[in-house]
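Reader: Could you take me through one part of this model in some detail? I'd like a close look at the place where the two chains meet, and then a bit about what sits around it.

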Amino acid sequence: MIELMNQLNFAFPYIIRAMALLSVVALGALFSERSGVVNIALEGIMIMGAFAGAWTMIIVMNNFAIPRQWNAFIGLSVGAVTGLIFSLFHAFAAIHMKSNQIISATALNFFAPAFAIFTARAVTGDRALNVRLDYSIRNIPILSDIPILGPWFFTNAYLSTFIAVFIFIVAYIVLYKTPFGLRLRSCGENPHAADSLGVNIYKIRYAGVMISGALAGLGGVMFVLSFSTRFDGAVAGFGFLSLAVLISGQWKPIRLILIAFLFALFRVVSEIPDELIGIRNLNLPQEIWRMLPFIATLVILAITSKGSAAPRAVGEPFDAGKR
Amino acid sequence: MKNLWKNTLTLIAKRSNSIQVLSSLLAIVFGLLFGLIVMLIVNPADAFPGFFTILTGPFQAGMRSFGNMFYRATPIIFTGLSVAFAFRTGLFNIGATGQFTIGAFIAVYIGVHWGFLGPFHWAVAIFFALVGGGLWGALPGLLKAFRNVHEVVSSIMLNYVAMYLMILLVRRTVFFGDHARSLAIQDSAELPKWFLGSIFPGSSINIGIFIAILFVAVIHIVLNKTTFGYELQSVGFNKDAAKYAGMNEKRNIVLSMLIAGAIAGAGGATFFLVGGRYLHVNAVLMPQGFTGIAVALLGLSAPIGVLLAGIFYGFLELGGLFLQGFDFTSEIIDIIIAVIIYFSALSLFLQKFVASYIKKVTETDIEISEGADIK
């Protein structure tokens, strides 16, 4: 029993940080898709955010003596702004130009890694950016001493995790308790009805994509902070995994969080299988655990798609003349 | 001079499809310009010579580079053809990457272990890669036809499943642990070069390019000259109308994806049935499937167009290789391609732009077609 507890204490922070990352990016995409714009550019936007954020943190670290967590905060903000700006290209094509949303998103996904590597190499001479510092928060006074919760949530934690919790609360309130949230959801379900009631579909959809861009950019920096110390133009498929979280979570915030936890668990098990009791005895190869989230998404889709919970107008350009 | 321009434009306006071709060319121009601008910002001194290197591509090192250009174009022609075929039948095959991966693994497995096949070795490897890619491609088709799952979403998931499956299987069956890659395939599994070896001495070119051209020809005929191809396209154009006309729309969706997957799978085989090329166990998606999307869009989803666009891609990629002489990395090529894809997404807008310009100069009206309807 004590051993199990120790194992959980060891694994939980890893699960939490993967879960925070997945749920922030998926929550962003939720805003985009609930407003009616498919956003499969998450991976690319994350890469751009990660690149800008990591670079900023390196510059700040080398030039100013400010506390680590402040630097992380600056990096996260820069990543969010970069993601927001980058996502505007998708928004412009999808909303104003009525383009195929999959194609413009594919372009963004293709652009980001090439741009990050190219620029990193041109500026630093290295194809990757080294973020050497460790940004984890070892201990938080008082909070870390709480039994169970202390070691799970407040030891080896990351600033970004707390930001993720904050974002989730705000997102939930905005989506379900504000006029904006209602308008956003109506744009994704029946844009013509919303339009007839005076909602500006274009504005709302731009807002949806921009929120998604900002959160994906933020997620990119979260990835750099908590998963890698060397950013080489990739975020290990977390963008697409977040898309899987969104779909498996049926475009609903609470379900999305539960799915994010499940997927994060698979991910952590795939990385540190020997540390987890019970699962170790299953003796499955790492790749199987890595595959599971994607297979789970396929199965959930196959079961639920007949009566799909997807926003009804998602992926369709809005054409006021087409009722 | 002005008259000549006007007459040319009038001539262009009369040809069907010409607006689409022009908008594709315009997308290429925008992509190249963007690349030039990025290079100017990063390194003004080397920008123009570097850009010139991209534009001249394989011309810098004679026939050997031309051979390499065709070698690099081959897998892209396959994946591009796969995506284009799916486009024409109303499906978006973003899963070409996964099908390519499955085909690649099957080909390498057979290439390593089935030496008893002798002279048929490489052909059998391609055949089974084609079957494997086809079955993998059929999965999203089945999910779409019977469970109403959008093929883009299921294909993205299957790309990752294919990648991890490939890593797992390589580790279990054909692993060369010292170098963390697959074992070398046997000589009999390598695609022969035939006379190409003497035309393009020293290059990696092999008969893969002929197989690609053969596929292009077959798909061209199937799409444009057969009832079967007509049915597949009808289902893509309007599923309900096709059903009303007595076509089996579910079967056709599955078949479309099966064929698209088979083409991509064969592409994976041709790329890896080459000496000195190995499967690595990194968790990175193979890029050929995504490049295929760009090539399919540039080629206007027509098989012949894909062939030309694929060779154009090989041309650019070779130019990118020669860039190493300057202070740029070859990723600039991917940046250019990404911008080209982006402008292809805006093709409707570009077509309107081109049409209104031609109308202004020649005073003739032109119809704009939206092309295959992909949802």
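Author: Across the interface of chain A and chain B, the rule finds one salt bridge. The partners are A:Glu287 and B:Arg171, whose side chains come together at 3.2 Å, N to O. Keep in mind that this is a predicted model. As for polar contacts, four residue pairs are counted between chain A and chain B, with both residues at pLDDT 80 or more.

Now for the chain A side. Four helices of chain A each supply at least two residues of the side that touches chain B: helix 3 (68–96), helix 4 (101–124), helix 10 (238–248) and helix 13 (286–304). Helix 4 of chain A gives the largest share, with 14 residues. Sort the residues of that side by type and you get 29 nonpolar, eight polar and seven charged.

How much is in contact overall? Chain A brings 44 residues, and they are in contact with 44 residues of chain B. The area buried between the two chains comes to about 4100 Å², and carbon and sulfur atoms give 78% of that.

Next, the nonpolar core. The largest one has 219 residues, and those with the most contacts inside it come from both chains: A:Leu218 and A:Phe231, plus B:Ile94, B:Leu273, B:Leu279 and B:Ile332. Helix 7 of chain B (residues 151–173) gives the most to this core, 14 residues. Leaving out residues up to four places away in sequence, B:Ile94 touches A:Ile40, A:Ile102 and A:Thr106 on chain A, and B:Val152, B:Ser155, B:Ile156, B:Asn159, B:Phe290 and B:Ile293 on chain B.

One last stop, back in helix 10 of chain A, where A:Leu241 is found. A:Leu241 counts as buried because its relative accessibility is 3%, against a cut-off of under 20%. Again leaving out residues up to four places away in sequence, A:Leu241 touches A:Leu22, A:Phe263, A:Arg267, A:Pro293 and A:Phe294. Its C-alpha atom is also 9.5 Å from that of A:Leu42, a residue 199 places away along the chain.

Note on methods. Residues are numbered from 1 along each chain as its sequence is written. Chains are lettered from A and ligands numbered from 1 in the order in which they are written. This is a predicted model: local features need pLDDT of at least 70, side-chain atom pairs count only at pLDDT 80 or more; totals for chains, interfaces and linings use all residues. Side-chain values use heavy atoms; hydrogens and water are left out. A nonpolar core is a set of buried Ala, Val, Leu, Ile, Met, Phe, Trp, Tyr and Cys residues joined through side-chain atoms within 4.5 Å. Buried means under 20% relative accessible area, exposed over 50%, partly exposed in between (1.4 Å probe, protein chains only). Contact means heavy atoms within 4.5 Å. Buried area is the accessible area (1.4 Å probe) that two parts lose on being put together, summed over both. A salt bridge is a side-chain nitrogen of Lys or Arg within 4 Å of a carboxyl oxygen of Asp or Glu. A polar contact is a pair of N or O atoms within 3.5 Å; within protein, one must be able to donate a hydrogen and the other to accept it, and residues adjacent in sequence count only if both atoms are side-chain atoms. Ala, Val, Leu, Ile, Met, Phe, Trp, Tyr, Cys and Pro count as nonpolar, Asp, Glu, Lys and Arg as charged, and the others, Gly among them, as polar.
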